[in-house]
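Please consider the following model with attention to its backbone geometry, its helix packing and the surroundings of its ligand.

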Amino acid sequence: MSDDYTPPKVWTWEKGNGGEFASINRPIAGPTHEKELPIGKHPLQLYSLATPNGQKVTILLEELLAAGHTGAEYDAWLIQIGDGDQFGSGFVGVNPNSKIPALMDHSVSPALRVFESGSILLYLAEKFGAFLPNDLPARTQALNWLFWQMGSAPFLGGGFGHFFHYAPVKIKYAIDRYTMEVKRQMDVLDRHLADNRFMAGTEYSIADMAIFPWYGRITQGGAYGDAVTFLDAKTYKNVVRWTEEIAARPAVQRGLMVNRSSGELSGQLRERHDASDFETMTQDKLERLTRKDVVDMLSYLEQHGLDEELYAQLHHFSLKGEKEKFSRTRQYWSKDGEIGSETNRDFAARLYCVVAGHKRGEEWDDIAAAALRLYPLKAD
Ligand SMILES: N[C@@H](CCC(=O)N[C@@H](CS)C(=O)NCC(=O)O)C(=O)O
């Protein structure tokens, strides 16, 4: 890709420009495929992903629940924007703009669609009468900052983040332009927070929840590679102080985990349907084989050896458990989905050494030993 570009008279779409989001960006709206959205048991149905725009909403929902607003119980469904889920017909029906977050409120008739994260925050704050001050001057302060965030963040994400971190070429002009603007925005926040505990003054509000996942995350080093260093973000002391206070809130910590599909497995709650999911359904727990699973697999192996049926069974178990490890092992030892040159028995042995060996620690020693007795090959 060259820096010297003379725009043609009429632009045409060149698919696959090498950029990070080339596969999902397109110059036309509307659905690309038919796909209904799932609907869970709660009145509020959120379709989202844990990007900063998605996190704003899950933070507010968790804060509402923590404050005792039981009507804010929600189902959060994962929309994988990298896979194009936002272009499914059901999602486009909720948000014609094909971007997360999108919300359906089934507690009203007809059910109401709410899209644009700022609109969702305002809708929920008004619906529950929370996190938006009541008196007009303070409410206006909160809304000033909420709308500030909605207008400013595209410069941070789409401008700075894109050209500094994601773009396939580093263009000094673009990086300078957006770095300058983002540093100015950080300074705007820093000066305001020098005299105010929260964005709207003394009251924690939806303005804080909107700004925190974007600008707070920058000071924590959680965005765009080493942007924290490049922007010298720790020098915005008041933003750092405000970020730390908000980050310490348990509801915020929960909100950051919902619909998250990257990073630490224990920090990923890809779908949320109940408050107890934070304890039982995080990805580390879902991907962990239970002791019983392994014992079952071993006894099955002992009885049957490895055949097609067992292979399917293994696959089934692995989906419940060591999904990633299994598929890596499978890719390594199989060709075109078939078990390759290794005998079935060797394949099983190696798989089991990997699975059993992964579960180190006393609790698993006897199982690992049983696996090795049964299939005495050692994993690489
Ligand atoms: N102004 C929108 C922006 C939403 C947005 O940009 N969402 C991104 C993720 S942070 C998205 O869904 N991108 C998918 C796409 O562009 O196809 C809002 O605040 O809700």
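Asn 259 is buried, having 28 C-beta neighbours inside 10 Å; a residue counts as buried if 20 or more other C-beta atoms, placed from the backbone, lie within 10 Å of its own. The phi of Asn 259 is positive, about 60°, although this residue is not a glycine. Asn 259 is found in the loop between α9 and α10 (277-280), where helices are DSSP runs of H or I with at least four residues, strands are runs of E with at least two, and both are numbered from the N terminus. The model is predicted: local features need pLDDT of at least 70 and side-chain atom pairs count only at pLDDT 80 or more, whereas totals for chains, interfaces and linings use all residues. Residues are numbered from 1 along each chain as its sequence is written.

Tyr 224, in the loop between α6 (206-219) and α7 (227-230), also has a positive phi, near 55°. Tyr 224 is buried, with 21 other C-beta atoms within 10 Å. Most residues other than glycine have a negative phi, and most peptide bonds are trans.

Two peptide bonds may be considered next. The bond joining Ile 100 and Pro 101 is cis, with omega about 0°, and Pro 101 is found in the loop between α2 (89-94) and β3 (102-105). The bond from Ser 109 to Pro 110 is cis, with omega near -5°; Pro 110 lies in the loop between β3 and β4 (112-115).

Ile 100 and Pro 101 are also among the residues that surround the ligand, which include Asn 53, Lys 99 and Glu 116; the C-beta atom of such a residue, placed from the backbone, lies within 6 Å of the molecule.

Conventions: Buried ≥ 20, exposed ≤ 12 C-beta atoms within 10 Å, placed from the backbone.
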